[in-house]
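Biologist: I would like to learn how to read a model of this kind, one feature at a time. Please give the general idea before each case.

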Amino acid sequence: MIFEPAHRILPPVDYVSMIRSLYADRRSMLLGAFGSAIAAAVAALQAQSPLLGIFSVLFILVSLVRNADMLAFEKVKLADTDVRKAVHWEMRATIGAAAIAATYGTWCMVSFWMVRTPFAELTAASVSVSVLIGVSQRNFAVDRLMTIQVLLIGVPLAIGLLLVGDIYYALLTILLGPFFASLRQIAGNARQILLRAVHGRLAASALAGQLDTALATLEHGLLMLDYNGKIEVANARALDAFELPDSEGWVGHPATALFDVAVAKGSMPRAAHDQLLALIGARSSGKVLLSVRAGKYYEVSVSSRRSKTVLLLEDISERVIAEERISYMARYDALTGLPNRGYFAEQVEAALRERRETGEPGKAALWIVDIDDFKHINDTMGHLAGDQVLAALGRRLRDAFGPGTICARLGGDEFIAFRLDGASPESLVGAAEAVIGSMREPVAIPGRKFVVDISIGVVISDDLEDTLESLMVKADLAIYAAKADGKAKVVQFHDRMDTEYHMRQQLKADLKDAIFKGGLTLAYQAVIDPRQNRIVGCEALARWTHSVYGAISPATFIPIAEETGLITDLTRAVLMMATRDCQAWPGQTTVAVNVSARDFRAGDVEAMVIAALEASGLPPQRLEIEVTETAVIEEREAAYAALSSLCKRGVGVALDDFGTGYSSLSYLQALPLTKLKIDRSFVIDIENDPQALRLVANVAQLGKDLNLKITVEGVETEGQLNLLVAETRIDQIQGFVYGPPLSLEAMTRLLTAHHGSQVAPKLAIARR
């Protein structure tokens, strides 16, 4: 026999309600159980059977346990849909019902089989059968529980009748079968009727709820019109779209009346009114954009079928606003509110195209504005301060250039402005000066104020064939010149810049060939121990002789290498040549190679150095890496990791040009340095200024306290040399007092002679 669990065939609410019904009538259960106990006790007295008396006690005990279980259920908070907990209580109810049913069944079996008095048999049978009828009526919905009780009462009763041994009693068992089956069938029919009623009620309720809530919960407004254009259905959202109250009040009225009222109230444009009526009158389909007020938009979809016309009003305000916002974000810079590069290009190209088509004369002016040392602002004061500087510059650009000028942010710390009118070149340059003047007013951030300098490159052209790209190239050249000339100024483009630009572009291409095809050479400047008059090392300096332009200054080609990303390849080439040359030199002469910030950022400095040492066979102790404070600040983590590893291998690390950067003592402590190189600017006035000499002496003493070797650069006179040796604790001298940088051949001859004779080299070098 297979039972379908009630919790699977009944909806949760009805199943939980049925389980509650099992525990609902606790008093009736107690009365029935106590009545059965009295009946068993009376039968026991009549038959003088202690065994029947035991059943009287059992009825009481089981009923008390079931009563306790029912009391426990009353304290439980059973939610209407908590099926899992209801299943637990169904199982407990089944156990209790099975216990009482087993007691009834066993009572019947004992009464017929063992006691065998008519009164005892009649009492047990009649009470148990009446209980069976009650079970089928009360528990019909829970098939398993009801069937268990029927079996536990009916089977022992049938066994008892059979054990009497009387044919007539046995015949009664035949009648019990159909009786018990009919009870279960009746219960099953009642259960099916219940289920159909429940399911039908749920389906009808769901459908009614769906229909009832469809209009109320529909996100869109809905108007349904009959063939004559009268409103049959209208929900509140539809009337909200037209800013009209009382949706039910319009049912039965013509849609034209509703539209007329909306137009009169100003909540519906006349154009939308005419479009909607045209679609409805033609019984056609289409969409109309309804702009109720600023920031509120509806899309009205009209569709007609047979005799009905439906208007669906969708609130698309968020979508329209989002599209407008996306359009704004695609054209404007979020930080400054200025047009971005793309939108600026659209506007300028349109203005230049119109000028070409009309042929009207006029000066086209393009300014590129760049914040000086903006990275330093970000690094020292934080990106929030940097953003405030950018926003302030954006506001001041518009105010200083005035109306008629298109201002935009190119990206990063670069801004651009364009103007096309009949203004004189002087006034156009003056506008740029006004922008620089506006930035002299301090920028305020929480806790401080500071002044920001900017550089501006401007190109002014009356050439109708000029494009935005050509103007930007020229303005870029102008601002590059402004930066090179000390910053914080306006530079106007002139034709010589164009020549220099093309030369620079040629140098970029040729420098790459020179690096990879061995076109670079090295010069070496000696590093001298002045107290022992001994050459202790050399600094490797890259040199480039161009086939057309001749000798190119490092001040020209080193920035080109950094700009084009060739600096790491240049450093790698210098390392290879310097270590190879140094390996051939006598004694323990060292060689120093400069490493830039971009080398730490773009390349593996440690790997480059190790590769050069392995290729040349030079001991690590004879190589020195020179870094500037700028390189350390910009790439602090990468520099620290690489230099620490190299220092452990024995490679020397020198902090170059100390005093020209931030001169932060924290770097002297944090970095794995072996040498401090004092910049030439410290020694220029030491012959005439005692304070300058004391400053050099103090810096040297600081380095010595940190166990660093001290080298002074740029020593050019005998007087400077003598003062440094006598008044400071410097270790080494580098400068023209000992001679200029020498070629590899000259330096090799000098070192060979020097180590062979150990003669003081100072005068010998100076005479060369």
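Modeller: Helices (H or I, at least four residues) and strands (E, at least two) are DSSP runs, numbered from the N terminus. This is a predicted model, in which local features need pLDDT of at least 70, side-chain atom pairs count only at pLDDT 80 or more, and totals for chains, interfaces and linings use all residues. Residues are numbered from 1 along each chain as its sequence is written, and side-chain values use heavy atoms, with hydrogens and water left out.

Biologist: Is Leu352 buried or exposed?

Modeller: Buried means under 20% relative accessible area, exposed over 50%, and partly exposed in between, with a 1.4 Å probe and protein chains only. Leu352 has 2% relative accessibility, so it counts as buried.

Biologist: Which residues does Leu352 touch?

Modeller: A contact means heavy atoms within 4.5 Å. Leaving out residues up to four places away in sequence, Leu352 touches Ala364, Phe418, Asp466, Thr467, Leu468 and Leu471. Asp466 is 114 residues from Leu352 along the chain, with 7.8 Å between their C-alpha atoms.

Biologist: How should I read strand pairing, and which strands pair with strand 17?

Modeller: Two strands pair if DSSP finds at least two bridges between them. Strand 16 (residues 590-594) pairs with strand 17 in the parallel sense over four bridges; there, Val591 has Leu623 as its bridge partner. Strand 18 (residues 652-658) also pairs with strand 17 in the parallel sense, over five bridges, and Thr628 stands opposite Asp656 of strand 18.

Biologist: Why is strand 17 largely enclosed?

Modeller: Strand 17 spans residues 623-628, and five of its six residues are buried, so the rest of the structure largely encloses it.

Biologist: Which residues have the most contacts inside the largest nonpolar core?

Modeller: In soluble globular proteins, nonpolar side chains tend to be buried together. A nonpolar core is a set of buried Ala, Val, Leu, Ile, Met, Phe, Trp, Tyr and Cys residues joined through side-chain atoms within 4.5 Å. The largest has 80 residues, and Leu623 and Ile625 have the most contacts inside it. Helix 20 (residues 567-583) gives the most to this core, with eight residues. Apart from this core lies another, of 33 residues, including Ile377 and Val435. Beyond four places in sequence, the residues that Ile625 touches include Leu575, Val593, Leu643 and Val653.

Biologist: How many aromatic pairs does the structure hold?

Modeller: Rings of Phe, Tyr and Trp (its six-membered ring) pair if their centres lie within 6.5 Å; planes under 30 degrees apart count as stacked, over 60 as edge-to-face and the rest as tilted. The structure holds nine such pairs. In one of them, Trp367 and Phe401 have ring centres 4.5 Å apart and planes at 45 degrees, so the pair is tilted. Trp367 is in strand 6 (residues 363-371) and Phe401 in helix 15 (residues 383-401), 34 residues apart. Both are buried.
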